Amino acid sequence: MKHLLLKLVQGVEKKELSKEELKELKELISEKIIKDGNYFKFNSDYRVGKVEIIRSSGVGFLSQMGTDQKDLVIEKGDLNGARQDDIVIAKRDFKKRGRPGAKVIFIAERAIEFTICYLKKKDDMVLAYELKTGEKIPLKTKQKALRPLPDMTVIKVDNFKQDVCDVLGVLTDPKVDEKISLAYAKRDEEFSSRILKEVKSYGSSVDKNLYQNRKDLTNISLITIDPKNAKDYDDAIFFDKEKYELFVAIADVTSYVHPFSATDEEAKNRGFTIYFPHKSIPMLPRELSENLCSLVENQDRLSFVFKIKLNKETLEIQNYELFEAVINSKKRYTYERVDEIFEGGKKDKKDEEFFEFLKPLSQITEKIRKKRLLKGFDFDNVEIRLEMDEELNLVSTYEEKQTLSHRIIEECMLLANKCAAAYFNEGIFRIHQAPDGKSIKQLIESLKEIGIEPRFHDNIHDMIIEVQKEAAKLDLKSQVDSLIIRSLKRAEYSYQNFGHFGLGFDN
């Protein structure tokens, strides 16, 4: 409706409107906001815009669209159910001392389709409060329908109708958290029958004889290293210690997800996989994400493979090849198991074979990492993991820190990324630009408050390294790293290759 509203601000003839716009217009005519006829335009008292609300006071402002006029104040009592970033039609009025303001008369588009709330009984009333903010939410649902529901019931409210559209459970039930998360992400766990039919057409295994145009690398001892609770395995590595050649295999999804297919459209809608402590809700059907597009142990799989030749002296990339291949991962390792073996744990015959190349590779990647950090950064990266019982009660938490096994995989993947960025002249690059002077000055002020006074100089990298060394002496490295990360710009994707400040990469 946004485009229609902008036309109505300027004025538009009926013949210039599409069938869809004429349908939308009927609602405005029925609400007596627009007069019926062959030419449509808001009268001078109406304003169209986006609502911005000051959370502390609840007072709103109308950021007007289709005009360069100033924002109009909307008093809390004049919002009429409008919320942050909603697009509304408002009627101009004048506040105290003749100050121009506005009153919302019609909500055209909701910024957020629904709100997750919990119910609380107060006297004879059942009231709804937004789960994230605790803000009271008006409901048109009758009290008669709400009273039988227990206290702290979690509901999904249609923001347009201001009505309950789903009951998710009770806030005290640990299982409700999953439903809340899926509701916020607008995600269903299941896939449509059309998508499943499309996916099943690929079968459940790979016959390498059908891929004569791909390199057959099934005899190479590639291995995967992932978290112990991982359900899918995206990448595998192998290192030829004689030739100094690193193989990095990435699962090939493109052979199964074709542009504009039902699977592709659903993947675009989902955008990402959701990881819970006890399960994942994948972007792609499990038949792909956990099978055909996962480098499962002892199974042939389609993949893209970088073969990277390293210089034995400098450890720089000497040359590389990228090719489509069929691979067969020989072992599924966890980070914990690899670290255990490096620390002297027992090995079986298979382990002996794989650690023949993992041990020298670990030494090489540590040297590559040390060299990379002359331009990049090493931030404390601790993740909190949760362990749940069958009823999804929290049993324990533990810290997952970056260890030697993590660093091996990270450096191998970064080498592959460098090759990919060099391979393509045009594409979408992962970029991270250097912080500006204002952010650095704010960082310096924050550091002074905890007793660290860095010297400001032109080389931002060296200044940050000095700060990290000082923080380590004071046993404050993780806290200071958080301050530094907040002062940096966010990493993002761009068609322009600006390099990656945090990694110290030109591309």
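How many disulfides does the count come to? In this predicted model, the count comes to 0 disulfides.

**Cysteines**
- C165 takes part in no disulfide, and the nearest cysteine sulfur, which belongs to C117, lies 9.9 Å away. A disulfide requires two cysteine sulfur atoms within 2.5 Å.
- C165 counts as partly exposed because its relative accessibility is 45%.
- C293 has a relative accessibility of 4% and therefore counts as buried.

**Nonpolar cores**
- The largest nonpolar core comprises 44 residues, and I225 and I237 have the most contacts inside it.
- Strands that give two or more residues to this core are β14 (223-226), β15 (235-240), β16 (245-251), β19 (300-310) and β20 (317-328). The helices α8 (335-342), α9 (349-372) and α10 (404-423) also give two or more residues to it.
- A second, separate core has 19 residues, among them V12, L25, I33 and V48.
- With neighbours within four places in sequence left aside, I225 is in contact with I237, Y333, T334, Y335, V338, L358 and I409.

**Surroundings of D481**
- D481 is located in helix α13, which spans residues 477-487.
- Because its relative accessibility is 1%, D481 counts as buried.
- Beyond residues up to four places away in sequence, D481 touches D378, F379, D380 and Q468.

Note on methods. Residues numbered from 1 in each chain as written. Predicted model: local features only at pLDDT ≥ 70, side-chain atom pairs only at ≥ 80, totals over all residues. Heavy atoms only, no water. Helix = DSSP H or I, 4+ residues; strand = E, 2+ residues; numbered from the N terminus. Buried < 20%, exposed > 50% of the residue type's maximum accessible area, 1.4 Å probe, protein only. Contact = heavy atoms within 4.5 Å. Core = buried A, V, L, I, M, F, W, Y, C linked by side-chain atoms within 4.5 Å.
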